[in-house]
Amino acid sequence: MDIRSNEPYWLIKNALAKSYSSLKEDTETEVLIVGGGITGALIAYKLITEGKKVILIDKRDVCNGSSAASTAMLQYEIDTPLHELIDERGLTCAVSSYKNCEKAIFDLKKIVDEIKSDCQFEFKKSIYFSSTKKDVNFLEKEFEARKQHGFKVKWLSKEKLGKLGLIAEAGIESESGAVMDTYKFANDLLKYCSEKGLVIFDRTELKSVKAKNENQVAITKDEFKIKTKHILYCTGYESVETLDEDVVKLKSTYALASEAFQKTPKAFKDHIYWNTSEPYLYFRGTEDGRIIMGGGDEEFKNAKKRDALLPKKEKNLTKEFNNCFPDIPFTLDYSWAGTFGETKDGLPYLGKPNPEKDLHYVLGFGGNGITFSVMGMDAILNSLENTPHPYLEYYKFGR
Ligand SMILES: Cc1cc2nc3c(=O)[nH]c(=O)nc-3n(C[C@H](O)[C@H](O)[C@H](O)COP(=O)(O)OP(=O)(O)OC[C@H]3O[C@@H](n4cnc5c(N)ncnc54)[C@H](O)[C@@H]3O)c2cc1C
């Protein structure tokens, strides 16, 4: 599957950060991680910290899947609004998912600091806004639900939003949000882990798996074997190729990066934004003075068709930006497209699809893919050891 078009801004900004050699002989390990994006990097970090013997393989250069395309807004606000998630999944699961997503932002910052990653992690307040009067009622319900469950939120009127230069009917401002450069962070984290004992092979594709006694034998495209107890799939959207269950609806999404502004517009100093439209639009600033925006999702994943739409998306998204922030001149510098996916309840999938097999998945899909991957770290040892963890119940396969 071709999960993104060629030139996300992050790849140009960072160039190819670090490459590893491919696997050239049979080997063995305690745990094999398949996938070296942000999820694989975080899970490797957790396991290496716990003293496990781990090999990580990736069929591309590491971090060159969706993690290179991400616009990297870190929010506790899940694609399914809290008041709807409560109805769908019950109070405990819904509120805990929101709370733990919030915790994940702070957990991530701790790792950034520990490994001294220069990934421009910055805390921001997040504004969820409505451009139309018809969504204000919905936004009010969401505001009440969040307030009731202890989230630090403020109601922003049309006038208050106008002071930021945003033309919108109303908004919810949340205290906890952040941005970063995911590509840089994931690369830094893999490098850190490799210095602590993680063995990484890139350009090494998992082709098939055979169970042998208590172990798994992973066979690569070049026919090398990796004998291991557990296989952890951190294979992002391409996981649909190895799963029987239909867990995610794949679609296409688009992102633009503006030219750098001499001075960051006031609206982007302390805030990130997303709106109630379907598909939703979202905006953030970068440390080098650009604005990154995304949206324009299409209900298909065909890469050729997706990329052919880029010129049209550039025009439409720029226009949408201008409608929201008419006083900020958005001049396009980079555009890219990627595969994106939504689960039926907006929540991730964690654990073993088949309880009999030691094949585990960490699938943080949707607009909170990154924070969900951070949460995956908290439950991964329980999955390996077959012990209970609330996440393995809330986010289980077959739910
Ligand atoms: C345009 C865009 C904007 C986004 N914005 C946000 C955002 O603002 N906030 C947010 O939280 N999330 C966002 N996301 C989602 C987020 O980027 C993803 O959730 C996250 O990057 C997934 O990371 P990952 O490591 O699971 O997957 P990936 O980065 O795709 O890594 C999976 C890796 O597995 C490897 N792989 C797959 N199959 C095999 C195999 N058989 N053998 C070996 N290796 C294999 C791939 O090569 C790949 O490197 C966005 C996504 C896109 C496309």
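The C-alpha centres of domain 1 and domain 2 lie 29 Å apart. This is a predicted model, in which local features need pLDDT of at least 70, side-chain atom pairs count only at pLDDT 80 or more, and totals for chains, interfaces and linings use all residues. Residues are numbered from 1 along each chain as its sequence is written.

**The two domains**
- Domain 1 covers 9–69 + 183–247 + 346–394, and domain 2 covers 249–269 + 281–341; these bounds come from an automatic or database domain assignment.
- Eight residues from domain 1 and eight residues from domain 2 make the contact, where two residues count if their C-beta atoms, placed from the backbone, lie within 7 Å.
- On the domain 1 side of this contact there are six nonpolar, two polar and no charged residues (Ala, Val, Leu, Ile, Met, Phe, Trp, Tyr, Cys and Pro count as nonpolar, Asp, Glu, Lys and Arg as charged, and the others, Gly among them, as polar).

**Around the ligand**
- The ligand is surrounded by 40 residues, with G37, G65, G236, G338 and G369 the closest; a residue is near if its C-beta atom, placed from the backbone, lies within 6 Å.
- By class, this shell holds 12 nonpolar, 22 polar and six charged residues.
- Helix α10 (369–385) is one of the elements that supply at least two shell residues, and with four residues α10 gives the most (helices are DSSP runs of H or I, at least four residues, and strands runs of E, at least two, numbered from the N terminus).
- Domain 1 and domain 2 each provide at least three residues of the shell.

**A look at E114**
- E114 sits in helix α4 (residues 91–115).
- E114 counts as exposed because it has 12 C-beta neighbours inside 10 Å (buried means 20 or more other C-beta atoms within 10 Å, exposed 12 or fewer, partly exposed in between, with C-beta atoms placed from the backbone).
- From E114 to L332, 218 residues apart along the chain, the C-alpha separation is 35 Å.
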